[in-house]
Amino acid sequence: MFIGIQRKDPSFLPWNTFACLLSMIFSVVLSGCGSNEFRATQPESRLTVDQPLNLSASAATTPQGADSHTSTKPRLWQNVGDALVIEADIPEDGDYALVLDGTVGNAKLELKSTLGEITRKTHPEPQCACNYLGRFPAKAGVQPVRIVLGWMDPQAAPSAARQEQSSHQTPEETAPRFTDLRQLRLVKLAGSEASGPPAPLGFTCHMGYPDQMKRAPKFVDRIAEVGSPAVEFAIGIQCELDDNQRVQRWGLRFHQPPDWKKDILKPLEGQTAADFQTWMKTAFARAVEKQLEIAILLHANTSGPVYVWRNDFDFDPLVPCENQAYVDVGPLAVVQALNESVPPDWPVRFSITGEMGTTITRYPQAWITVIERLRAASKLNNLQLGIGLNHTSNRGKVPYSDAQGAELAKLWQACDFLGVSFYKDLDIPATPEDFLGHLIYLDSEMRALGAPLPLNKPLVVTEFGVGGSGMLDGGKVVHPAEKVEHIARTPWAMTTKISENPWTNSEYTAYRRQVHDAFLRFLADQKSPWKIPVAYLWAMGSCDPVGIENLGFEDPEVARIIRAHNQKIAEKPAKTEQSASTDE
């Protein structure tokens, strides 16, 4: 359930009363914070858990008894200094997350509440759709809950100088810090109980190019060897784009080393199409032989002189390009291979897209048609179909309308599940709340598009990993990262070259282990409003800690905790059955 906080009519307190109240707030909430770091000016009026609080400048309200012609700014701006103090009524017990929909510039934010210690420091990104500020426990009847949202200035002036500077600030000078914010929301989490049973962690088997497709059975063997209960086949269809980033033709990309620019794109017809079917059927059959649950993640990547990330280029899956549409060469080809290699009752989850936000948000009705055609073509009884999203920027760079948002919401309901890549920035040290924040962030982005993540559909983590490469402040990715902070802010950055292996650095290795431990704890004790049935680790290059493709990147300690996590989940049903028999 999603709920927000809405301000009631403001009430005014005599200054002496207000000073006492503010003193009590800081004695409870701000103990241990120096005044040069964290300061609040005046608490807002009582907020109730109901609707999102609109923090935009257009939401100005006139205080009771004031002249509407002279009171043109909301009290919020007049009351903002270095912190915003909020009072909220909590309707029921449970955990709540505070979310800001909008951007906050380059400042660091910190959240506190009267019911919990510091929950999270966030480093907002300039183009973020929202910022997850942390979670705190709350009980109904404990009124009011006071939440302090503060600015942590890394270049804070000394206390006396800061106070002198703040005393001369006008509302116009302090307001811009919050003017980019659109809404402040409280999100009701799962409460004291987990939202779902612990989720196992499987591994990807990469079939992006013909040479990988030929070696897929070997990768499946390794995935079974490390104790994984499931395999996700990451299958790549390639395309060439024109200068306007429109798809011209589909096919498979054949490497011509050492110059990747000379790679050949062969249309998926004739012998190439037949080989594609053979490679897929052989890989799927090996997964059945090894008793692995099957997942499929279908990517559409670019080949040729115009390179664009698949999340950004624009195509309708039903429109043919040189007599071949994506639905035919990709999703329907995969279903054909499944029909001919997998028993009818074998469980299969098929993400018909992976990180392809532009086409999903621009052509949602077309993707509903794709799902309908796949259901009609499938002979499997346990085939689940879903859409795989990126962790951010799913709208892409094309126009968008409210009507598309309504169609997008219909697409969610046509799916059996939704998938998501988990590569958003992490804290140091990483915590399970980082990954909870990833989901809340994605939901906020989808809400802005008119299609929030549905609570009645499971969310599959189709990709997760930390690669050890890093992005510099100017945007250049280097291998390995120059410092651990760069690894944390771009977990997706990785290398496939052993000569660039980042995990020879002991500090980086310690962080790698800590990230995987936090993610496993997130899967084991789910506090998300959405149920996660399974997650998949991106087992390629330096993102792969168990050595599916290359043992040179393996970390035995990470492999051990993953195996222990999966083994504990596998043993739980057996123990439950044994206990029931004993009770009887």
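1. Phe313 is buried, as its relative accessible area is 0% (buried means under 20% relative accessible area, exposed over 50%, partly exposed in between, with a 1.4 Å probe and protein chains only). Phe315 is buried too, at 4%.

2. This is a predicted model, in which local features need pLDDT of at least 70, side-chain atom pairs count only at pLDDT 80 or more, and totals for chains, interfaces and linings use all residues. Residues are numbered from 1 along each chain as its sequence is written, and side-chain values use heavy atoms, with hydrogens and water left out.

3. There are 15 aromatic pairs in the structure (rings of Phe, Tyr and Trp, the last by its six-membered ring, pair if their centres lie within 6.5 Å; planes under 30 degrees apart count as stacked, over 60 as edge-to-face and the rest as tilted). Phe313 and Phe315 form a tilted pair, because their ring centres are 5.7 Å apart and their planes are at 35°.

4. Phe464 and Phe519 are stacked, because their ring centres lie 3.8 Å apart with the planes at 15°. The pair links distant parts of the chain, 55 residues apart: Phe464 is in strand β19 (residues 459-464) and Phe519 in helix α14 (residues 506-524). Helices (H or I, at least four residues) and strands (E, at least two) are DSSP runs, numbered from the N terminus. Phe464 is buried at 1% relative accessible area, and Phe519 is buried at 0%.

5. Lys266 lies over the face of Phe254, 4.4 Å from the ring centre (a charge sits over a ring if NZ of Lys or CZ of Arg is within 6 Å of the ring centre and within 35 degrees of the ring normal). The charged end of Lys424 is over the ring of Tyr441, at 4.7 Å from its centre.
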